[in-house]
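Hello,

Here is the structure I promised to pass on. Please have a look at it first, and then read my notes below.

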Amino acid sequence: MTLTTLTAPKAANRLNQILETVSLAHDLTRFPVNVERLALDTASVFGWKDAVTEVQSADIKGLEGCLLPNETKSQWLILYNGNMKSQGRVRFTQAHELGHYLLHRQQKDSFECANAADMYNLSQEEKDIEADADRFASYLLMPFDDYRRQIDNTVNLEVFGICANRYGVSLTAAILRWLEYTQDKAVLVISRGGFMRWAWSSASAFKAGAFFRTKNNVIPIPLNSLAADDSIKIERNGINVAGKVWFQHAEPVMSLREMKIESDQFDSIITLLILPSVADVWPLRFNNLG
């Protein structure tokens, strides 16, 4: 398999097959993935000569990670920000940079990656490359078949917390993995200081109009929401709130389930909204189009 034929799913699947084989043969713990060790062995897996030879912590202010070549591009170095508080974020960043090495190193000489909030300033091509590396990291750290077995039919922040611990990733990363494939109408909102930092919707929620355009917009957290209630720091199972609290065009009788975890360590609130399967919160004028 050559570099030009690799995609994020194919590359992650190839490495996961090897990790699965090795873990079974030697009775080793399968998860979480040791990305640093894997990165150093990746070139030999694909038969490449320009290997990743170092994975290091560094003081790279304003960045989460980097992939850098030596002068001849015969060796590569992965750096990750040593000031990141979350080991899950460290692991995901390492996997993200490994994704750049596998998928993109013929397209650019180096990669300097900031956090998701700074992606708005990138060109569309750069955004696509960053999203591709994120996709690889997600598939590598949380293989679909294994992940799906962990979720079963129960969806709440307790279950996602268990997944985060299993795969050694952040709670946010574990929820985003579910949002990639679920048929449920669900929206993840990350907020700070009473305002949304960013939000992500499942495909079915987006089609129903349940999304927030946080790019270049200042969107306050609804006053009557669980997220805005300072007296409740954690609600893993969720409570029912009126759909109109979050989506003004929702039917008056519609309710949704809102879950919340307030993180003092990261000074942010993680909110997960689960809408009914029949929910439609588009403004009326959109419903009448066509």
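In what order do the four strands of the open sheet with mixed pairing lie? The order is E1-E3-E2-E4. Before the rest, a word on the source: this is a predicted model, in which local features need pLDDT of at least 70 and side-chain atom pairs count only at pLDDT 80 or more, while totals for chains, interfaces and linings use all residues. Residues are numbered from 1 along each chain as its sequence is written, and side-chain values use heavy atoms, without hydrogens and water.

**The four-stranded sheet**

Strands E1 (51-58) and E4 (111-113) stand at the edges with a single partner strand each, so one side of each has no neighbour in the sheet. (Strands are DSSP runs of E with at least two residues, helices are runs of H or I with at least four, and both are numbered from the N terminus; two strands pair if DSSP finds at least two bridges between them.) Inside the sheet, E2 (residues 65-69) and E3 (residues 75-81) are antiparallel and share five bridges. Cys 66 is found opposite Leu 79 in E3.

Two helices pack on this sheet. Helix H2 (residues 35-46) touches E1 and E3, and its direction makes about 155° with that of E1. Helix H3 (residues 87-103) touches E1, E2, E3 and E4, at about 150° to the direction of E3. Contact here means heavy atoms within 4.5 Å; axes are lines fitted to C-alpha atoms, for helices over the stretch in contact, with angles from 0 to 180 degrees between N-to-C directions.

**The five-stranded sheet**

A second open sheet has antiparallel pairing and the order E6-E5-E9-E8-E7. Seven bridges join E5 (residues 185-192) to E9 (residues 268-275), and Lys 185 has Leu 275 in E9 as its bridge partner. Helix H7 lies across E5, E6, E8 (255-263) and E9, at about 155° to E5.

**A pocket**

The second largest pocket has 19 lining residues, and Asn 13, Asn 16, Pro 143, Phe 144 and Asp 145 lie nearest its centre. (A pocket is an open set of points on a 1 Å grid over the protein atoms alone, where a 1.4 Å probe fits, with protein on both sides within 12 Å along at least five of seven lines; lining residues have an atom within 4 Å of a point.) Helices H1 (8-25), H5 (144-151) and H7 (171-181) each give two or more residues to the lining, and H1 gives the most, with eight.

Enjoy exploring!
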